[in-house]
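Have a look at the model first, then read on.

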There are 2 protein chains.
Amino acid sequence: MDLQMDKRWNRRAVPVGEAQRRLLSCVEPLPAETVPLWEGGGRYLAMQAEATADWPPFARAGMDGYAVRAEDVRAASPDSPVRLRVIGSVAAGESAAAALAPGTAVRIMTGAAVPDGADAVVMLEQTAPAGASGEPAVLIKQPADPGRNIAPRGEEFRRGDAIAGPGERLAPGHIAQLGAFGYAELRVHRRPKAAVLATGAELLPVGAALEPGRVRDSNSAMLAALIAGCGAEPVLLGRAPDDPAAVDRAVAAALREADVVVTTGGVSVGDRDVMAALLHRPPAGGAFAKARILFERTAMRPGSPTSAALVDGKPVIMLSGNPGACFVGFELLARPLLLRMAGSRKPLPRVVQAVLAAPVNKPSPHDRYVRARLYAEGGVLYGEPLAFAKSSMMASLPGTDALLRIPSGSAGAPKGALVDALLPAECPGR
Amino acid sequence: MDLQMDKRWNRRAVPVGEAQRRLLSCVEPLPAETVPLWEGGGRYLAMQAEATADWPPFARAGMDGYAVRAEDVRAASPDSPVRLRVIGSVAAGESAAAALAPGTAVRIMTGAAVPDGADAVVMLEQTAPAGASGEPAVLIKQPADPGRNIAPRGEEFRRGDAIAGPGERLAPGHIAQLGAFGYAELRVHRRPKAAVLATGAELLPVGAALEPGRVRDSNSAMLAALIAGCGAEPVLLGRAPDDPAAVDRAVAAALREADVVVTTGGVSVGDRDVMAALLHRPPAGGAFAKARILFERTAMRPGSPTSAALVDGKPVIMLSGNPGACFVGFELLARPLLLRMAGSRKPLPRVVQAVLAAPVNKPSPHDRYVRARLYAEGGVLYGEPLAFAKSSMMASLPGTDALLRIPSGSAGAPKGALVDALLPAECPGR
């Protein structure tokens, strides 16, 4: 029994923003690799891409119908249609037809190049065959303003316009634009490989039967799902014994392959908290003996013991073993780090303001990050704090859309208060 | 030149909701497969999962400190601490210590089982060593209400409580719960395989140099990214010639491997629209000759020619070749279909109400689905229509968060109006 008081309770709590800055300042986006365009969705661009042509590249028909000179059909009406001689036809993919002289028209299909001389397309439904005379002709039954049903060359993009740049997450719409401009392959940042290590003598493998006083390691699989949800690759290391030297070796071995190690458990002030011991009494000659501590306590509830260090030059994030605190620590600190390594230029949580749908009455010495459901009703965005909000609890995790930030203080926040709601920076699903 | 009017313009426009019902009613979730728990994030469960034990499974210490009998420490204060004899110690993972008799305490670590007889845990910081007497003892400097710092057995879940059921998308929080209850493997629905076929004689491969009147096939790669974003597997078939028999063969071949075919282009009323021709004049003996048309026009802008059929018993969704209309058709029709096949029980777009940040002045005979950015300001959710909104346009696609539904009519909708904003049903990123 160790009743000795040590420095562990004096670990200085670093504000969340400062902890994020320290983490992000010690990593760079991972090196670039080449992928085919169609695999680029959700990846982060490692190049500057620009319009390689005007877009559309030619004046393009937006409708099936007839290319005409607007002034020829100014007086057209259903009762008094204008008769135009049809001098040709152009389908999508064909070179433009011959130029239009006054009194002529060209049959044109959607997407085809509008011939010189034409300045409007009359839709097929507003025309009629001109009868069985020898020469092809059409009756135009409606007038058309100049420009009607034509997308002029360069309407959307001018050659040289920026399409997407370094650190931009590629949405399906970017993929469409890059395809239109001929980018068959893309340079994107490599996906981070994140190793996950659980500590705690109480942990059983997920497949084991429960034993008195023990629980299963559910955090490793949860972290794997969170990591995969960031577009990164999880590598599960399993459960480490509560032995600093063994954990030191396991982390060092993982860092030879992985870009980052995420641990869960053992980071609090208990006598047997192995991660805390590694930071403060590292085994001689091990990887942690030369570690740089980035922070060893974070000014937040839950998850205040969350710590981080640079070990062998790579980040090790130490999350709580309590499921709720582990989740919150991941969202606020591990996700931004992984997104930055994946190449993102906007890795921090997105903050929106929401109306608190129920009071949060607990006072807190640190900002509190409350798991919440977000919903909009009548144009108002609400954040509803979920039950089972304690650090140790997991019942509220599946329904969590956002974390509501309740400022530190003695009061909490009343129903109706406007609070910050934190959402993941970028959701790889879109 | 074919000036003959045919039935193509009389294709009946089916409301979007009805088109969705017809599509969803002809598919089932795909068969189940087994995956390890840690790979289950974002998948759709094909089983009922329940709590296999009370949770927590034993009364659990939430803090490091001393397990005590609350009535023993009722009068404790810093000036007049209560001295308790320490009869043992229990760490996380150990069986509970011996039961507490009056006047005794047990040193306890976070996560450890609280011994019988104890009904509160006093945090270590509120205690002090009791000095150097022979027998171990502790001074308790604060009272503790019964239950303090203890998570009672069954507080979060009772054995038999439902955790997640068929069709539920597994968030990281579900994975945590399933791990805690011993589900090392999960039955989830197989991911859909979606083949993508582009039609249109104007299409060049993405890697080709532009030619007069031609454009690159950018929709195939965009659809691949959209499909991957649904958690499905895209298979690119490339570009088909404008030849109904060749397209018929390509679709039939793809359906032998894929669960669904998504086409883009050739679905309008033009003379050479190959998908429309396949539906109405299918080559004898081909797969489309026995197709069941689900709908051949959808009451929406953009994307009204969007069609669908059952071919060889599997769905074929025919999207517009215009990038904007292709995107909208995917979101409203293809995404729900893919999510249903992936197992989702909530595959339709999520609808929230947002305040229109700028007017939409265009009248429309059908509901209009306007690409928009969503943002919250002061607790109000705004939808901002994006520029470059035409069917043919792709400039607005990367910034699209949601589709605003502007009801059909002569007026559009004014700034400040409350409109429906449609978001993807479930975002695999969380």
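1. Start with helix H6 of chain A: H6(A) gives the most to the lining of the largest cavity, with five residues. Helices here are DSSP runs of H or I with at least four residues, strands are runs of E with at least two, and both are numbered from the N terminus.

2. Before going further: this is a predicted model, where local features need pLDDT of at least 70, side-chain atom pairs count only at pLDDT 80 or more, and totals for chains, interfaces and linings use all residues. Residues are numbered from 1 along each chain as its sequence is written, chains are lettered from A and ligands numbered from 1 in the order in which they are written, and side-chain values use heavy atoms, with hydrogens and water left out.

3. Back to that cavity, which holds about 90 Å³ of space. Its lining has 16 residues, with Glu331(A), Leu403(A), Leu422(A), Leu423(A) and Pro424(A) nearest the centre. (On a 1 Å grid over the protein atoms alone, a cavity is a set of points where a 1.4 Å probe fits but cannot get out, and lining residues have an atom within 4 Å of a point.)

4. Which helix packs with H6(A) at about 30 degrees? Helix H1 (residues 16-25) of chain A does, with the axes 10 Å apart. The two are therefore roughly parallel (angles under 35 degrees count as that).

5. On the H1(A) side, the contact (heavy atoms within 4.5 Å) is made by Val16(A), Ala19(A), Gln20(A), Leu23(A) and Leu24(A). H6(A) brings Leu332(A), Leu333(A), Pro336(A), Leu337(A) and Arg340(A).

Note on methods: Axes are lines fitted to C-alpha atoms, for helices over the stretch in contact, and angles run from 0 to 180 degrees between N-to-C directions. Angles under 35 degrees count as roughly parallel, over 145 as roughly antiparallel, 65 to 115 as roughly perpendicular and the rest as oblique. On a 1 Å grid over the protein atoms alone, a cavity is a set of points where a 1.4 Å probe fits but cannot get out, and a pocket is an open set with protein on both sides within 12 Å along at least five of seven lines; lining residues have an atom within 4 Å of a point. Grid points are joined across faces, edges and corners, and a volume is the space filled by probe spheres set on the points.
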